[in-house]
Amino acid sequence: MGDDIMNYNGGVAVAMKGKECVAIACDKRYGVQNKTIATNFTKIYQYGDYCFVAFCGLATDVQTVAQRLKFRTNLYELREQRKLKPNVLYNMLTNLLYERRFGPYFIFTLVIGLDPKTGETFVYDSDNIGAVSDNVNLATVGTASDYIFGLGELFFKPNMNPDELFEATSQSLLNGVDRDSASGWGAVVYVVEKDKVTVRELKGRQD
Amino acid sequence: MALASVLGFKSNETFNRSLQCEKTDANIDEICPKLNIENIAQFITLPPYADPAKYLKMVNESVDRVRIQFLKGTTTLAFKFRNGVIVAVDSRATAGGFIASGEVKKVIEINPYLLGTMAGGAADCAFWERVLARHCRIYELRNKEKISVAAASKILVNMIFEYRGMGLSMGTMIVGWDKRGPGLYMVSDDGERITDNMFSVGSGSIYAYSILDASYKYEMSTNDAIDLARRAIVHAAHRDAASGNIVRIYHMKETGWEKIEEKDTNDYMYQYREDKTMNF
């Protein structure tokens with residue numbers, strides 16, 4: 001795998017938009033270069049009823065940033081006495097990452113969200129120092145992102161319903177990780193709709 | 001010609017000319033000499049600088065240029081038991097993190113009673129084992145008996161030793177059956193040649209060894225041996241990121257080798273999860 005720090009632990013996440021629904025999926029591998037240590041390391045964290053963030057890259061930074069962001073969002077909810085919105089979440093994340101501009105965390109992140117009243121969907125993609133993309137249809141981060149982007153662009157259609165969205169997301173992820181040795185070993189998909197969040201575990205290749 | 005002299009055949013001018021029908025020039029042997037055991041070095045052009053291994057190391061690890069991909073990320077194993085030798089390999093080729101292929105044939109069928117495994121440089125293993133096949137055939141014709149595994153592996157290691165330090169990468173196991181019974185030699189690019197009952201080569205060999213060491217018995221039945229080899233490769237494929245895809249198993253018997261199976265490791269992993277011998 002070479003000495004690239006972003007490939008040290010491996011891992012991948014993908015997010016896609018549908019009609020009043022968003023899906024985010026990640027693989028479950030935790031490994032150290034070639035050695036696979038665990039197959040239950042999911043990279044998606046929940047920060048509100050309808051907001052999810054996936055972190056991919058160095059595993060220690062994945063956990064640290066997830067926990068530090070949780071601290072800030074908890075404080076926000078206590079002070080403001082209201083629930084987090086996706087654009088507030090991504091602004092907090094940008095600031096958190098930019099605070100470490102000259103000694104950055106080695107992670108790339110995806111933020112997804114849904115507004116339950118209007119059904120408006122949000123998918124944002126951020127690099128490791130907090131440059132956030134505009135609200136996009138498809139975003140991928142991680143070691144297999146190049147392979148998943150190709151498949152994602154192929155399977156994406158505008159205004160998909162939740163089932164089609166689940167199929168498109170899971171197929172892009174499962175087939176993309178089969179071309180990358182540092183990610184895979186199972187996957188988990190969250191589909192967020194106006195009234196519910198469905199979590200599904202995918203049966204993937206275990207090699 | 002070796003065969004002709006063995007048979008006591010006396011060749012004449014016309015016969016020789018008809019054999020050499022592709023020759024149009026009497027001096028063709030100087031311009032493009034035929035490949036013989038003795039003059040292989042003429043055909044493999046040596047690089048024009050002092051330390052080929054050091055330069056090759058640069059090309060191997062360079063990220064932005066064309067990379068020569070060495071299959072050290074692999075799992076191959078072979079072990080002797082009561083009824084012969086079992087050889088099992090995976091089929092994945094990785095270039096950095098990218099899985100370049102999931103269908104590489106890592107067992108080289110040298111001849112019907114000799115097998116070689118591929119680990120390290122695919123081209124190195126394939127080429128030198130093909131040269132070895134030629135040597136073995138000539139030996140067989142000259143001496144009217146099959147070559148021993150010890151001799152075959154010795155020929156290979158002597159050829160490789162000529163190129164020591166030049167950046168060849170081979171970690172191959174030569175497997176066969178001769179009049180001394182089953183034979184298993186591990187030959188590597190630094191000129192090492194050792195024999196033992198069990199070997200595993202590649203990045204996934206550590207995982208394969210643990211499965212093999214736990215259940216190996218010389219007196220195993222053939223089915224148990226095949227199952228052990230299969231489990232070892234499947235476990236290595238699961239834990240090692242650079243091994244996986246298909247498991248291929250061969251059985252070396254007194255009558256020659258037999259290909260036992262070529263199946264997807266992932267199917268076996270789910271089957272082993274059902275019977276609780278694997279946990280994920």
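1. Ground rules. Because the model is predicted, local features need pLDDT of at least 70 and side-chain atom pairs count only at pLDDT 80 or more, while totals for chains, interfaces and linings use all residues. Residues are numbered from 1 along each chain as its sequence is written, chains are lettered from A and ligands numbered from 1 in the order written, and side-chain values use heavy atoms, with hydrogens and water left out.

2. Salt bridges. Over all chains, the search turns up 21 of them, a salt bridge being a side-chain nitrogen of Lys or Arg within 4 Å of a carboxyl oxygen of Asp or Glu. One of these joins A:Lys28 to A:Glu201, with 2.4 Å between the closest N and O atoms. A:Lys28 sits in the loop between strand 2 (21–27) and strand 3 (30–32) of chain A and A:Glu201 in strand 11 (residues 197–202) of chain A, so the pair ties together parts that are 173 residues apart in sequence. Helices (H or I, at least four residues) and strands (E, at least two) are DSSP runs, numbered from the N terminus.

3. Burial of that pair. A:Lys28 counts as buried at 14% relative accessibility, whereas A:Glu201, at 55%, counts as exposed. The cut-offs: buried is under 20% relative accessible area, exposed is over 50%, and partly exposed is in between (1.4 Å probe, protein chains only).

4. B:Arg231 is worth a look. This residue forms a salt bridge with B:Asp275, the closest N and O atoms being 3.8 Å apart. B:Asp275 lies in the segment after helix 10 of chain B and B:Arg231 in helix 9 (residues 222–239) of chain B, so the contact ties together parts 44 residues apart in sequence. B:Arg231 is buried at 18% relative accessibility, while B:Asp275 is partly exposed at 39%. Over in chain A, A:Arg29 lies over the face of A:Trp185, at 5.0 Å from the ring centre.

5. Aromatics. There are 13 aromatic pairs over all chains; rings of Phe, Tyr and Trp (its six-membered ring) pair if their centres lie within 6.5 Å, and planes under 30 degrees apart count as stacked, over 60 as edge-to-face and the rest as tilted. B:Tyr270 and B:Phe280 make an edge-to-face pair, 5.5 Å centre to centre with 80° between the planes. Both of these residues, B:Tyr270 and B:Phe280, are buried. In chain A, ring pairs link A:Tyr90, A:Phe122 and A:Tyr124 into a cluster.

6. Strands. Strand 2 (residues 76–81) and strand 12 of chain B run antiparallel, joined by four bridges (two strands pair if DSSP finds at least two bridges between them). B:Leu77 has B:Ser200 as its bridge partner in strand 12 of chain B. From strand 12 (residues 198–201) of chain B, B:Met198 and B:Ser200 point one way and B:Phe199 and B:Val201 the other, and all are buried.

Methods
Lys NZ or Arg CZ within 6 Å of the ring centre and 35° of its normal.
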